[in-house]
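Hi there,

Here is the structure I promised to pass on. My notes on what turned up in it follow below.

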Amino acid sequence: MGVRGGRIQPNPANNWAAFSYHLPGNQATLQLRFRDAAGRVIHSMQASGEEGQQLWDTRGTAPGVYSVELLRDGQVERTARLIIQP
């Protein structure tokens, strides 16, 4: 995700990934949504506030390339790619 919208570290990930976001003036509930290569939502998490960080334990997730969407009020703000390695 871009610097304004957020950041994923580490990427590629092995055991976990941290999703940091910075959205000045945000008062909405945020959602991080993770999609597999087929477009299926495999995981999601809620967040709030202007900035923060969410951790995802990826140890039970199959290796591959995933799309990560940051949604504000149900609208996609940012989309990024996350690679999960074995």
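Thr58 is buried, because its relative accessibility is 1% (buried means under 20% relative accessible area, exposed over 50%, partly exposed in between, with a 1.4 Å probe and protein chains only). Thr58 sits in the loop between β5 and β6. Apart from its neighbours within four places in sequence, Thr58 is in contact with Asn14, Asn15, Trp16, Ala17 and Ile84 (contact means heavy atoms within 4.5 Å).

A word on the origin: this is a predicted model, in which local features need pLDDT of at least 70 and side-chain atom pairs count only at pLDDT 80 or more, while totals for chains, interfaces and linings use all residues. Residues are numbered from 1 along each chain as its sequence is written, and side-chain values use heavy atoms, with hydrogens and water left out.

**The overall picture**

The protein has seven strands and zero helices (both are DSSP runs numbered from the N terminus, helices being H or I with at least four residues and strands E with at least two). The C-alpha trace spans about 40 × 25 × 20 Å along its principal axes. The radius of gyration is 12 Å, which agrees with the value near 12 Å that a compact globule of 86 residues would have (the radius is taken over C-alpha atoms, and the globule rule is 2.2 Å times the number of residues to the power 0.38). Of the 86 residues, 35% are buried. Among contacts between residues at least 6 apart in sequence, 54% join residues at least 24 apart.

**Strands and hairpins**

β1, β2 and β5 form an open sheet of three strands in the order β1-β2-β5, with antiparallel pairing (two strands pair if DSSP finds at least two bridges between them). β1 (6-9) and β5 (51-57) stand at the edges with a single partner strand each, so one side of each has no neighbour in the sheet. On average, neighbouring strands of this sheet are turned by 15° against each other, direction ignored (axes are lines fitted to C-alpha atoms, for helices over the stretch in contact, and angles run from 0 to 180 degrees between N-to-C directions). Four bridges join β1 to strand β2 (residues 16-22) in the antiparallel sense, and Ile8 has Phe19 in β2 as its bridge partner.

β3 and β4 are also an antiparallel pair, with seven bridges. Their hairpin has five residues between the strands, and Gly39 there takes a positive phi near 90°.

For β6 and β7, the antiparallel pairing runs over nine bridges, and Val65 stands opposite Ile83 in β7. The hairpin of β6 and β7 has two residues between the strands, with Asp73 at a positive phi near 55°.

**The nonpolar core**

The largest nonpolar core has 18 residues, of which Ile8, Phe19, Leu32, Phe34, Trp56, Val68 and Leu82 touch the most other members (such a core is a set of buried Ala, Val, Leu, Ile, Met, Phe, Trp, Tyr and Cys residues joined through side-chain atoms within 4.5 Å). At least two residues of this core come from each of β2, β3, β4 (41-48), β6 and β7 (75-84).

**Salt bridges**

How many salt bridges does a search of the whole structure find? The search gives five (a salt bridge is a side-chain nitrogen of Lys or Arg within 4 Å of a carboxyl oxygen of Asp or Glu). Arg33 and Glu69 form one of them, with their closest N and O atoms 2.7 Å apart. Arg33 lies in strand β3 (residues 29-35) and Glu69 in strand β6 (residues 64-72), so this pair ties together parts that are 36 residues apart in sequence.

Glu69 also forms a salt bridge with Arg35, where the closest N and O atoms are 3.2 Å apart. Here Glu69 in β6 and Arg35 in β3 tie together parts that are 34 residues apart in sequence. Glu69 counts as buried at 11% relative accessibility, whereas Arg35 is partly exposed at 21%. Arg35 also stands opposite Val41 in β4.

Another salt bridge joins the side chains of Arg40 and Asp36, at 2.8 Å from N to O. Arg40 counts as exposed at 53% relative accessibility, and Asp36 as buried at 14%.

Best wishes
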